[in-house]
Amino acid sequence: MFFFVVLTHLQCAIPVVDGLLPEPYNTIIINLLFELATWHAFGKLRMHTETMLYHFDNCTTRLGQDICEFSRDCCAKFNTYDLPRETAARARRRGAKNAKAGTTSDVASTSEGRKRCTFNMSTYKLHALGDYVKAIREFGTTDNYSTQVVSIFKLVIIP
């Protein structure tokens, strides 16, 4: 098995998070963080062999399974809410919107309170993980190309 040293927040997160939650949630989250760090290390490599792509593909499968397990077993057990700064920012945005519209409704902004947050598995970011290995096989590593839109046609004015 390949082990990579990843100098990211994911690498530092494992010892910080370990032991914060009771079992089995602790193990689920530690496994998820490890697979995220491993997947990230594979993604950052600048040279891939077929063997590495095989392991990267298996890592992606394990990551998907760990994300599903996290969503199914952990997320439903814990109520999570916006941070106080997110709630304050929402109130400020609503206040600015009301001020722009000419209304002075403070009741709507203060009565809402903290918003409940849930883990959303239906995001493009999660579904695109499965296509990463295929994209590397087709286009090469991600440092070789850009997804930035490039205009082929330019208006040239000749004096």
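Which residues does T80 touch, not counting residues up to four places away in sequence?

View 1. As a predicted model, it gives local features at pLDDT of at least 70 and side-chain atom pairs only at pLDDT 80 or more, while totals for chains, interfaces and linings use all residues. Residues are numbered from 1 along each chain as its sequence is written, and side-chain values use heavy atoms, with hydrogens and water left out. Starting at the N terminus, the elements run α-α-α-β-α-α-β-α-α. Here helices (H or I, at least four residues) and strands (E, at least two) are DSSP runs, numbered from the N terminus. Of the 159 residues, 25% count as buried; buried means under 20% relative accessible area, exposed over 50%, and partly exposed in between, with a 1.4 Å probe and protein chains only. Take the contacts (heavy atoms within 4.5 Å) between residues at least 6 apart in sequence: 67% of them join residues at least 24 apart.

**View 2. T80 in strand β1.** Strand β1 covers residues 80–81. T80 touches K115, R116 and C117, once residues up to four places away in sequence are set aside. With 39% relative accessibility, T80 counts as partly exposed.

**View 3. T87 in helix α4.** Helix α4 takes in residues 84–101. Is T87 buried or exposed? T87 is buried, at a relative accessible area of 17%. Leaving out residues up to four places away in sequence, T87 touches D82, G113 and R114. For one of these pairs, T87 and G113, the C-alpha atoms are 7.0 Å apart, although the two residues are 26 residues apart along the chain.

**View 4. Helices α2 and α3 side by side.** The two axes come within 9 Å and cross at roughly 150°. Axes are lines fitted to C-alpha atoms, for helices over the stretch in contact, and angles run from 0 to 180 degrees between N-to-C directions. The pair α2 and α3 is therefore roughly antiparallel; the cut-offs are under 35 degrees for roughly parallel, over 145 for roughly antiparallel, 65 to 115 for roughly perpendicular, and oblique for the rest. The crossing of α2 and α3 is left-handed, meaning that the near helix is turned anticlockwise from the far one by less than a right angle (right-handed if clockwise). The residues of this contact split into 14 nonpolar, five polar and five charged. In that count, Ala, Val, Leu, Ile, Met, Phe, Trp, Tyr, Cys and Pro are nonpolar, Asp, Glu, Lys and Arg are charged, and the others, Gly among them, are polar.

**View 5. Helix α3 against helix α7.** Helix α3 (residues 50–74) and helix α7 (residues 132–139) pack at about 155°, with axes 9 Å apart. These two are therefore roughly antiparallel as well. On the α3 side the contact uses E50, L53, Y54, F56, D57 and T60, and on the α7 side Y132, V133, I136 and R137. By type, that makes six nonpolar, one polar and three charged. T61, also in α3, is partly exposed, with a relative accessible area of 43%. T61 and G130 are 7.8 Å apart, C-alpha to C-alpha, and 69 residues apart in sequence.

**View 6. The largest nonpolar core, 18 residues.** Such a core is a set of buried Ala, Val, Leu, Ile, Met, Phe, Trp, Tyr and Cys residues joined through side-chain atoms within 4.5 Å. W39, F56, L63, F70 and C74 have the most contacts inside it. Helices α2 (25–44), α3 and α7 each supply at least two of its residues. Beyond its neighbours within four places in sequence, C74 is in contact with Y25, I28, I29 and E69.

**View 7. The cis peptide bond from E23 to P24.** Omega for this bond is near 5°. P24 lies in the loop between α1 (9–17) and α2. Most peptide bonds are trans.
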